[in-house]
Amino acid sequence: MIRITVDGEPVRGRDGQTIAGVLIGAGRTAWRTSQTGDRGVFCGIGVCHDCLVTVNGVEGVRACRREAVDGDRIEREARP
Amino acid sequence: MTHVAILGGGPAGLAAAQGALAAGARVSLLDEGDRLGGQFWRHHERLTDPRLQHGWHRFERLRDALARGDARVHVGASVWSAEATDLGVRLRAVVGAADADARTAVDVEADAVVVATGAHDLALPVPGWTLPGVTTAGAAQALAKRDGVAVGRRTVVSGAGPFLLPVAQSLALVGSDVVGVLEASRITALAAGWLPRPWELAGKAGEFLQYAGGLARHRIPYRTGSGVVRVLGDERVEGVVVAALDADWHPIVGTEREVACDAVALGHGFAPRLEAALALGCDLRGDHRGRFVVVDDAQRTTTAQVFAAGEVTGIAGADAALAEGAVAGFLAAGGALGDPRLRGPVTARRRARAFARRLERAHGIRPGWTAWVDDATIVCRCEAVTRRAIAERADVPLRAMRLATRAGLGPCQGRTCGRAVEAIVAEAGGAPASVGFDRRPVLAPVRIGEVAALAATDPAT
Ligand SMILES: Cc1cc2nc3c(=O)[nH]c(=O)nc-3n(C[C@H](O)[C@H](O)[C@H](O)COP(=O)(O)OP(=O)(O)OC[C@H]3O[C@@H](n4cnc5c(N)ncnc54)[C@H](O)[C@@H]3O)c2cc1C
Ligand code: FES
């Protein structure tokens, strides 16, 4: 079991899951603001860049490719 | 001793590594994933349900061959540059957690390279497909296999090809209710592709029956000549419109019906990852309906010392990737095609290529799909470029069209929309397609700062 925060809210996941896996497992389907509404996972394998999040202050991390680590701070990104 | 670099650790790359080791070479294998296995054997030691893995023993054998042999394996290694040099080839990668900001540089110089970068699955645009809850079929599969989660509670799987069957099965096993699997091709196309010469299909037929049994057990309906033509919802998926499709995948007016669901998995085909092969100067064949690396019987590309294997040479499934990889690795290491050790792979490759032709005949993308995309539908997801914007500039060269509309210039660099944009341009009478959408100066996403720092410290530049 790991705990991360998403925009300050605690979310639990299973050890080893990707950030996208943790978020989907917690019932979240969208976590990025785009010009046409919210986005979450689309390709799931690092190709489409729809799932980008800020992780511990580093922008532009693909949530579907990055393994979540206990204590990670995830923040929403917005692109005009 | 010959040094063979292998780009990609899926079935093709792993088989290539084994082949190169068998022929007496030293091997360096690089893959951007955290684990070996590629798309087919995507896994996590604790999270993956073993029922979702196929041919796992084969994977273990390949992995063991690497561990025993003279091989260096770099996982988490994004190869951003590949070039042919006077002495052979040079690959440059950054290694570390995905998209981290200070990864380690790894350069590999080798006498030969096997490009085994595989493919990603391709979802055609559908009105409403940018809503959260719409994913590719591959994403649904990857999340189920790698992370043990379901993309939705009630999922519609729509697209074309046998790949939709394992996707539906995985979704069911991680607890999603699969409302249906919608296959765009009609039963006549399926029959033309799959019925002739059934003896060629020996192993495959069993695989299909296994999946068909799985669908029946979970009571998942399978419909042919049918597809999702619109996704409904306000802020997320609430349902889909399903229509019957004709032989060209043109929706048949009057057949539309609404189906409630909270997730849609779309998979209409596969698109090879060609950027490394293009950077190495390899010739391609085909057009926007399917562009692949040209190889000869030895899996040699048109660039000296560059070999290619797996889905980059054609979409034919994991068996083909394994067979081609075995040949490519063996020959890249200086082995001969006539070597008795290659008899098995060469036969398997012939069978797998026949399978690929059937796949294309039965499930290949048909042009009628553009009829379910209306003018306001977003085609380029990154830059929110609509079909209308693209069609209006169909008469200018592709490059100018892209600069004017920004189609394909967002973060994914046209990987997601490239084929669809080219099809819409072609349909509107535009310029003949080129490799424009497949050529990318940096092969895998790396941070500008990272590349700048590496270039500054590089003695060779
Ligand atoms: C998401 C997805 C799920 C699939 N699931 C199934 C399934 O369940 N059953 C089935 O029968 N078929 C499945 N397929 C098809 C199957 O994966 C292929 O037939 C098979 O994997 C092809 O093998 P390959 O070695 O050619 O390519 P891949 O398995 O795609 O391997 C290519 C590897 O190259 C690596 N790579 C590419 N570019 C770079 C770079 N620049 N730097 C570093 N590494 C790089 C990738 O990370 C990848 O691991 C799936 C395909 C996809 C896209
Ligand atoms: S979902 Fe496409 S890159 Fe993560």
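Predicted model: local features only at pLDDT ≥ 70, side-chain atom pairs only at ≥ 80, totals over all residues.
1. Ligand 1 lies between chains A and B. Of the 33 residues around ligand 1, the nearest are Ala12(B), Asp31(B), Gln39(B), Gln141(B) and Glu311(B).

2. Several polar contacts to ligand 1 can be checked by eye. A polar side-chain atom of Gln141(B) sits 2.4 Å from an oxygen atom of ligand 1. Backbone atoms take part too. An N or O atom of the Glu32(B) backbone lies 3.0 Å from a nitrogen atom of ligand 1. For Val79(B), a backbone N or O atom is likewise 3.0 Å from a ligand 1 nitrogen atom. Taken alone, ligand 1 exposes 990 Å², and the protein buries 94% of that.

3. Which elements of chain B supply at least two residues each of the shell around ligand 1? They are helix 1 (11–22), strand 4 (77–84), strand 8 (119–122), helix 3 (137–147) and helix 8 (318–332). At the domain level, domain 1 (3–120 + 271–359) and domain 2 (125–267) of chain B each give at least three residues to this shell.

4. The second largest pocket holds about 680 Å³ of space. Its lining has 25 residues, with His49(A), Pro411(B), Pro445(B), Val446(B) and Arg447(B) closest to the centre. Two or more lining residues come from each of strand 6 (58–62) and strand 8 (77–78) of chain A and helix 13 (448–457) of chain B. Strand 6 of chain A gives the largest share, three residues. By class, the lining of this pocket has 11 nonpolar, four polar and 10 charged residues.

5. The largest cavity has a volume of about 160 Å³. Of its 16 lining residues, Ala271(B), Pro272(B), Arg415(B), Arg419(B) and Asp438(B) lie nearest the centre.

6. Why does the largest cavity lie between domain 1 and domain 3 of chain B? Both domain 1 (3–120 + 271–359) and domain 3 (368–427) give residues to its lining, so the cavity lies between them. Strand 17 (269–272), strand 19 (290–293) and helix 12 (418–427) of chain B each supply at least two lining residues. Helix 12 has the largest share, three residues.

7. The second largest cavity has a volume of about 100 Å³. Its lining has 15 residues; Arg32(A), Ser34(A), Arg79(A), Arg381(B) and Cys382(B) lie nearest the centre. These lining residues divide into six nonpolar, four polar and five charged.

Notes: Residues numbered from 1 in each chain as written. Chains lettered and ligands numbered in written order. Heavy atoms only, no water. Near = heavy atom within 4 Å. Polar contact = N/O pair within 3.5 Å; in protein donor to acceptor, adjacent residues only side chain to side chain. Areas by Shrake-Rupley, 256 points an atom, 1.4 Å probe, with all protein chains shown as cover. Helix = DSSP H or I, 4+ residues; strand = E, 2+ residues; numbered from the N terminus. Domains from an automatic or database assignment. 1 Å grid on protein atoms, 1.4 Å probe; cavity = no way out; pocket = protein on both sides within 12 Å on 5 of 7 lines; lining within 4 Å. Points joined across faces, edges and corners; volume = space filled by probe spheres on them. Nonpolar A, V, L, I, M, F, W, Y, C, P; charged D, E, K, R; others polar.
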